[in-house]
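Dear colleague,

I am handing over the structure we spoke about, and my notes on it follow below. Please read them with the coordinates open beside you.

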Amino acid sequence: MGQIKLNKVTKSFGDVAVIPPLDLTIEDGEFTVFVGPSGCGKSTLLRLIAGLEDVSSGHVEIDGVDATDVPPAKRGLAMVFQSYALYPHMSVRKNIAFPMKMAGVTADEQNRRISAAAEALNLTDYLDRRPGQLSGGQRQRVAIGRAIVREPGAFLFDEPLSNLDAALRVGMRLEISELHERLKTTMIYVTHDQVEAMTMADKIVVLRAGLIEQVGSPLELYHTPCNEFVAGFIGSPRMNLIKGAEAAKHNAATIGIRPEHTAVSMTEGLWKGVVGVAEHLGSDTFLHVHGVPGCDPMTVRVDGELPVRHGDTIWMTPQADKLHRFDAEGLRID
Amino acid sequence: MARNVTQRRKILNTAAAWTIGLLIFFPILWTILTSFKTEAQAIADPPIFLAFDWTLENYGAVMERSNYSRFLWNSIVIAGGSTILGILIAVPAAWSMAFVPSKRTKDILLWMLSTKMLPAVGVLYPIYLLFIQFGILDTKIGLVIVLMLINLPIIVWMLYTYFKEIPGEILEAARMDGASLKEEVLYVLTPMAIPGIASTLLLNVILAWNEAFWTLNLTAAKAAPLTAFIASYSSPEGLFYAKLSAASTMAIAPILVLGWFSQKQLVSGLTFGAVK
Amino acid sequence: MATQHSRSAARIMMAPAVILLLGWMLVPLTMTLYFSFKRYLPLRGGDLGWVGFENYIRFISSSSFWPSVMTTLTIVGGVLAITVVLGVFLALLLNQPMWGRGFVRILVIAPFFVMPTVSALVWKNMFMDPNYGLLAHLWEFFGATPVEWLSQASLTSIVMIVSWQWLPFATLILLTAIQSLDSEQLEAAEMDGAPATKRFAYITLPHLGRAITVVILIQTIFLLSIFAEIFVTTGGAFGTKTLTYLIFQRVLESQNVGLGSAGGVYAIILANIVAIFLMRIVGKNLDT
């Protein structure tokens, strides 16, 4: 069980309102990702759910019960921290056992759960080491193991992969996703990395300055971003946003087109530009094109290899049905 | 600085440092040497450095003259007791300041430190009266309390700086793992802060061991520690260099040995955590 | 970053230390204030009634008062100057490549472990004694007349003794600070063409600022109240009577508690002036 509901929750530090009144429901078993630029309040929101911070007003409900005044220890949630927050003076086994020790779980049960978690996380050979002797990825798995054995109502992840190098990050991302498939427990995951959000989430909550910009599945956000901010934030490379005369042709203040939705030709097209940097990855080619009015540079992605170089002139044509239109306030026009 | 330093430079540095080091250490060395001389050799002119008849008679004489072991025991109880009591009171306070800081935390810390600046002599008589009132004049418990109070600000300050280096996330993790406040401090914070607590303990044992205002003024016969033991040699009858040296050596040896063995921890403790 | 629950827990956990120190500060302070307005001679009649500010006037108009304030400041200032300057020098030296640094450090740190009564006695008798002291022998060796340290150069002697005790502290703190200086900074300055003296003045010394602040703060706290060194060596004679010692004499030797208490109040005021001054600097320099 693990339905979490935020009811007109606000948080302010002194006079600074970090989170204006906010409503959000996270269904049981859902993998929800809070994503947004740094300082958007996503970590604060997670800490409010955890109980590590008090809400300034409003209520936090867990499984329909008001948990606003319940201390973190009693909320039945487990958290994985950015720094892993392992206890450096305890062995891996003791680290994983700690929450069970606090809960008074019998020794036999503790051992059973530790073995199961260690097996699932490939930690069996490391149980007697100290965290200091482990690699970053292993530490991360210990932190997850410590969370699993509690059998919590929900897992809270606070940017858990940001201290890992790129290769490990992809691996851990998969492991966490698999863990969710297996446990079917509610997970709330905070990240500033939209790739993590897109690949892992059932539901993405895009935050900016404490406000929810949009809530939806990854593909909903990709296909129908409700405003310019979400349009620019979700998707990689970023959506090209074009202002001015070109946008006015479509009765919009701004139009957006994703790099992958633009056809490139050496001879003809709607927009003409000069290639600045060309990134040849083999599988794709990314071009940063200068000279398109209202959007400089414009990024386009071409499948496979396209033999263009710095200084070449090219033509680009957006796919008409993939154009996004936004009004002067930045809101989507359908 | 992975660069080769000329051998000559290194030799010069070594010579200079050793000379200055020995010069600074010399008064202690001289005291220890003199303690093994006869009184006549102790004041010989010119002074004798090593070629004297080594003797232990001064130590025997000092033991005979005063009950060294009682002074020693008093020093141990007073320095150890006041430090341990101080740490028990300071750990929770330092936890609060390091992990639940408020706008006033810094003010409280500075205020605590400023109580150390209150001149002891300004309140000597009132304390003296209070001690009589509570019947703790010339008792170990009285000195334990006073030395605990005068060192408490330093203990709090040191523990605070050590605690601040422990990432708050680890304590939050403990909280999420279901630990109560007591369990958090007992199972997570304290074990992690052991090196810092050890430094604090050592430094304050040394400070309490060497404290010479309250220990001289609030004790007479029963609770007098080694500071008083040695002060008794400042009277004219004590003007025997060899015996004075023996007594001095006996008074400083325990702390000197302790200090040398724990040099590493002390150096970090000595900086009161304020210098990395 | 905390909840209401942890904030109230924090208050409770801080309470014992705060209450104890508050009591330790306020109770004797109140009593001292009370006595300072009384004529109070424990051995000659006890409490002889209220006298208003008479004790304050008598204490400050006594011929010993201003000299004692000057003596106090001279000792504190002298010891601070010597220990900081020599400490920086020694720390720089110990930071150089050499053999046996650990051993030298053991030698240098040793005086810190010596209790003040012992160091005062040893210096007084075995070094500064005009007949048998080692310094007298040294002077004679060079054909000079031995100095009667503790009577002719009494204040200098005391400053020397106390500096010897505190030099290890200053050196070790400064050494720790120097060792934390990123050597790349110095190398960058060297690449920029700064000679050794400039590198010291513009990089090493500013880096030491914080450490020097700590040395000054901590030493001042202890130096303002030095007692044993004077008690054992001169007993306050030959112009070595600090404010602390003067009050001590009024209270314990003359058994005039009222007068001594008024002196105590002055000492507290002096300490507070120094404290406010120091806290300003430290508050700025230490990010607590």
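**The first helix of chain C**

H1(C) bends by about 40 degrees at C:Ala15, and a proline, C:Pro16, follows within four residues. Please keep in mind throughout that this is a predicted model. Helix H1 of chain C covers residues 4-36, which makes 33 residues, and the distance from its first C-alpha to its last is 45 Å, close to the 48 Å expected at 1.5 Å a residue. A number of its positions are buried, among them C:Ser6, C:Ala9, C:Met13, C:Leu21, C:Trp24 and C:Phe35.

**Where chain C meets its neighbours**

The contact between chains C and B involves 87 residues of chain C and 85 residues of chain B. On the chain C side, H1(C) gives the most, with 18 residues, and by class that side is made up of 67 nonpolar, 17 polar and 3 charged residues. As for chain A, 5 of its residues are in contact with 4 residues of chain C, and the chain A side of that contact divides into 2 nonpolar, 1 polar and 2 charged residues.

**Chain C as a whole**

Chain C has 13 helices and 2 strands. Its radius of gyration is 24 Å, whereas a compact globule of 288 residues would have one near 19 Å, and its C-alpha atoms fill a box of roughly 75 × 75 × 30 Å along the principal axes. Of the 288 residues in chain C, 46% are buried. Among the contacts in chain C with a separation of 6 or more, 70% are between residues 24 or more positions apart.

H8(C) is mostly covered, with 20 of its 26 residues buried.

Is C:Trp66, by contrast, buried or exposed? This residue, C:Trp66, is found in helix H3 of chain C, residues 65-94, and it counts as exposed because it has 11 C-beta neighbours inside 10 Å, where the cut-off for an exposed residue is 12 or fewer. The C-alpha atom of C:Trp66 is separated by 26 Å from that of C:Pro116, a residue 50 positions away along the chain.

**The two domains of chain B**

In chain B, the domain assignment gives domain 1 as 7-60 and domain 2 as 65-270, and the C-alpha centres of these two domains of chain B lie 32 Å apart. Between them, 11 residues of domain 1 are in contact with 8 residues of domain 2. On the side of domain 1 that touches domain 2, the elements that give two or more residues are helices H1 (7-34), H2 (39-42) and H3 (57-65) of chain B, and H1(B) gives the most, with 3 residues. The residues on that side of domain 1 divide into 4 nonpolar, 5 polar and 2 charged.

With best regards

Note on methods: Residues are numbered from 1 along each chain as its sequence is written. Chains are lettered from A and ligands numbered from 1 in the order in which they are written. This is a predicted model: local features need pLDDT of at least 70, side-chain atom pairs count only at pLDDT 80 or more; totals for chains, interfaces and linings use all residues. Domain bounds come from an automatic or database domain assignment. Two residues are in contact if their C-beta atoms, placed from the backbone, lie within 7 Å. Ala, Val, Leu, Ile, Met, Phe, Trp, Tyr, Cys and Pro count as nonpolar, Asp, Glu, Lys and Arg as charged, and the others, Gly among them, as polar. The expected span of a helix is 1.5 Å times one less than its number of residues. The bend at a residue is the angle between axes fitted to the seven residues ending there and the seven starting there. The radius of gyration is taken over C-alpha atoms; the globule rule is 2.2 Å times the number of residues to the power 0.38.
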